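Visitor: I have a chain open here. Can you walk me through it, briskly?

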Amino acid sequence: MVAALALLCRALPAGAWDRGSLADYHHRRAQVIEKTGGDGLVVLFGYGEQDVAASVTTFHQNEAFYYLTGWNEPGAMMLLVPTSPKTSPVAGPPGKLGKEMLFIPPHDLRQEKWTGPKLGPDDPDAPARTGFELVRSTAQFEKELREALKAFPKIYTELTPQPESGEDCFQKDATAQLRKLAPQAELADVRPVLTALRAVKSPSEIALIRKAVDASIEAQLAAMKAVHPGVWEYQVAALMKYTFERLGCEWPSYPPIVGSGFYSTVLHYDANDHQMQDGDVVVMDVAGSYSGYASDLTRTLPVSGHFSPRQREIYEVVLGAQNAVLAAAKPGAIISGKGSNTLVNIARDYINAHGKDLHGQPLGQYFIHGIGHSVGLNVHDPMPSGAPLEPGMVVTVEPGIYIPEEKLGVRIEDMILITPDGAELLSQRLPRDPDAIEDAMRSR
Ligand SMILES: [Mn+2]
């Protein structure tokens, strides 16, 4: 185990935030201009310290802003100007990216004693470090916006909040600020374009997701060795966070859920404050993010190290449903929505056809959530609803059965990458089979 960790440490430099190639972000900006038709400016605001309560938590960037800039410091803005047949500001065939500007706060040397050295807009290496040819002070944003509006009286910006990011007031405030600066401009929502782009991952994004998954697999394996009667749920959650963070993840992708006994049936239980009892199962929905990219994995273990016959029966129904969905996951398949052959229906049909509750009723009624979701910069990444799967999409497959009457909840959650002819199980290395799970627990 120690040797395996040492190997992984070499493969995953701890604490390194990997932005990959800055050309990738430039390419995305060019795509946004093309997909919006190039008939307007694109303006996005990054989060400020106050938007993420930076006094109590680590700063994390507005995901839409990060997706297009790779810029991870507070208080920044982005302005994209398309080319225009007119000479101003950038001549060229319409619909292409003409000018791209990043605005960052000017140096505040007194504050930098607290925050450490920051990049300033006038630093000679600002373009090289940001990938923007034009880096300006935030104080110049208004002037540059007014200039650009002369050629394009339309602005694409975020008009809908990002609910998956826990956003509350940020988007409203940003829109109000823009309306004040450009009262004559027509505002259009850039979110549908960003949602479509973000749903299909680039090779560099997939590489980061693999790192998040690999570190989270190690956390799940460590938990398999640590679970036994008398251990507290929070102790397992702490071990899992420790494990993926020491492998370079910066934070949990969502509040860790470690629920045993009755709490294995509570979907968003995150108090993790019960002691595990012999004879119960424990659901561990815990995973970390690597360089901003999330992962999402769940395993269900018998606390004693051995599934009871009833626990194994229910576990195998969930596993069978997951295998049925994995076999059906390929380009063109639909996660949920209209039509009978969606992935969620495949799972529900399987569950209904196998096993019964204590009253002789089918088990489908105990599968009470969706079968999967997109994963990327957010653990519930935006994805056009009802859209068919495409190569490059990364989604979870997570059937579950929750029977409170039996204090028995089972969820098995893995992540897949859609490939041209099927799907790759990214979390292949993490045991799913009940015998393999018991083996992994026995080697503790
Ligand atoms: Mn999930």
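Guide: What follows is a quick tour by question and answer. This is a predicted model: local features need pLDDT of at least 70, side-chain atom pairs count only at pLDDT 80 or more, and totals for chains, interfaces and linings use all residues. Residues are numbered from 1 along each chain as its sequence is written, and side-chain values use heavy atoms, with hydrogens and water left out.

Visitor: Which domains does the assignment give?

Guide: Domain 1 covers 22-198 and domain 2 covers 201-442. Those bounds come from an automatic or database domain assignment. The centres of the two domains, taken over C-alpha atoms, are 36 Å apart.

Visitor: How many residues are in contact across domain 1 and domain 2?

Guide: 14 residues of domain 1 touch 14 residues of domain 2. Contact means heavy atoms within 4.5 Å.

Visitor: And what area do domain 1 and domain 2 bury between them?

Guide: About 1100 Å², with 54% of it on carbon and sulfur atoms. Buried area is the accessible area (1.4 Å probe) that two parts lose on being put together, summed over both. On the domain 1 side, E164, T195 and R198 supply 44% of the area buried against domain 2, more than any other three residues.

Visitor: How many salt bridges across that interface?

Guide: The rule finds 2 between domain 1 and domain 2. It asks for a side-chain nitrogen of Lys or Arg within 4 Å of a carboxyl oxygen of Asp or Glu.

Visitor: What does R198 form a salt bridge with?

Guide: With D381. The closest N and O atoms are 2.9 Å apart.

Visitor: Let's look at α8. How many of its residues are buried?

Guide: 7 of the 9 residues in α8 (191-199) are buried. Buried means under 20% relative accessible area, exposed over 50%, partly exposed in between (1.4 Å probe, protein chains only). Helices (H or I, at least four residues) and strands (E, at least two) are DSSP runs, numbered from the N terminus.

Visitor: Which residues of α8 are they?

Guide: R191, V193, L194, T195, L197, R198 and A199. Their cover includes α2 (22-35), β1, α3, β5 (154-157) and β6 (186-189).

Visitor: New topic. What is the strand order in the open sheet?

Guide: β12-β15-β16, 3 strands with antiparallel pairing. Two strands pair if DSSP finds at least two bridges between them. The edge strands, β12 (394-397) and β16 (422-425), each pair on one side only. The twist averages 40° from one strand to the next.

Visitor: Over how many bridges do β12 and β15 pair?

Guide: Over 4, in the antiparallel sense; β15 spans residues 414-419. V394 stands opposite L417 in β15.

Visitor: Which strands does α9 touch?

Guide: Helix α9 (203-226) packs on the sheet and touches β12, β15 and β16. Its direction makes about 155° with that of β15. Helix α11 (309-328) lies across β12, β15 and β16 too, running at about 155° to β12. Axes are lines fitted to C-alpha atoms, for helices over the stretch in contact, and angles run from 0 to 180 degrees between N-to-C directions.

Visitor: T419 is in β15. Is T419 buried or exposed?

Guide: Buried, at 18% relative accessibility. Beyond residues up to four places away in sequence, T419 touches P331, P391 and E424.

Visitor: What about the loops? Where is G46?

Guide: In the loop between β1 (41-45) and α3 (63-69). G46 counts as buried at 8%.
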